[in-house]
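Hello,

Here is the structure you are taking over. Please open it alongside this email, and read my notes below with it in view.

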Amino acid sequence: MTHRRSPGRVLAVTLLVTTLLVTAGYLAWRVAVLAGLETHFGSDFDERRFNRLQQEYDRREDFFARADARMRKLIAEHPDAERIDWSQYRTCVREPGRPSDTCTTTPPRDQKVYDALRGVGVILYQPKDEGRTFYRFYHEDPPRYTIMHAPEDTAEEAERYADTHGFRSTRPLGPGWTILGPIDDIGREEKQFP
């Protein structure tokens, strides 16, 4: 005597098995994504990025000093500027009361110094940050890291600054130089570097 399976029962079992497989696949995908995010944004990623940035800084310390001296001259030339940013090909100054930034082509001598700072997307000064200059690394995957030069800061003051401005972590590089870990909150990062 043959036992016939009803089409309804076969369909129900197939749907149940398919649902379980899809759910298990989705959960496995979520775990893999979360593990990948933790690896990318977790503390281990900070250490690897910090190590690499510290090596770059150590190799090019004289170029960072030359770039900072150039930025100090720009600040002296524009004491009322609300922002000065120096990128590879342009130097822009935001003066109070002007509708837009005034930009000039970066001179070849300055461009040579800038080019030696591999990975730096922009060098930025804002008077709201009390004499600090920021070397922002834009040409990499987020999160974005920054080297800060604050000649008057001790390591403790730099750490306090980082904590109050939303940076995740810091590493001192030498007197007045600090790597700032990323700001996790995009809105807060945009307020810090408008």
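Asp-85 is buried, with a relative accessible area of 11%; buried means under 20% relative accessible area, exposed means over 50%, and partly exposed is in between (1.4 Å probe, protein chains only). Arg-83 is buried as well, with a relative accessible area of 11%. These residues form a salt bridge, and the closest N and O atoms of Arg-83 and Asp-85 are 3.3 Å apart. The term salt bridge is used here for a side-chain nitrogen of Lys or Arg within 4 Å of a carboxyl oxygen of Asp or Glu.

Before the rest, some notes on the source. This is a predicted model, in which local features need pLDDT of at least 70 and side-chain atom pairs count only at pLDDT 80 or more, while totals for chains, interfaces and linings use all residues. Residues are numbered from 1 along each chain as its sequence is written, and side-chain values use heavy atoms, with hydrogens and water left out.

Side chains of opposite charge can pair when their charged atoms come close. By the rule above, the count is twelve salt bridges. One of them joins Arg-70 and Asp-110, with 2.6 Å between the closest N and O atoms. Arg-70 is in helix α3 (residues 61–77) and Asp-110 is in helix α4 (residues 108–115), so this pair ties together parts that are 40 residues apart in sequence. Both Arg-70 and Asp-110 are buried.

Another salt bridge is between the side chains of Asp-101 and Arg-94, at 2.9 Å from N to O. Asp-101 counts as partly exposed, at 27% relative accessibility. Arg-94 also counts as partly exposed, at 27% relative accessibility.

Now the protein as a whole. It has six helices and eight strands, where helices (H or I, at least four residues) and strands (E, at least two) are DSSP runs numbered from the N terminus. The order of the elements from the N terminus is α-α-α-β-β-β-α-β-β-β-α-β-β-α.

Of the 194 residues in the protein, 37% are buried. Contact means heavy atoms within 4.5 Å. Among contacts between residues at least 6 apart in sequence, 49% join residues at least 24 apart. The accessible surface is about 12,100 Å² (Shrake-Rupley method, 1.4 Å probe; for residues, only the protein chains shown count as cover). Carbon and sulfur atoms account for 56% of that surface.

Regards
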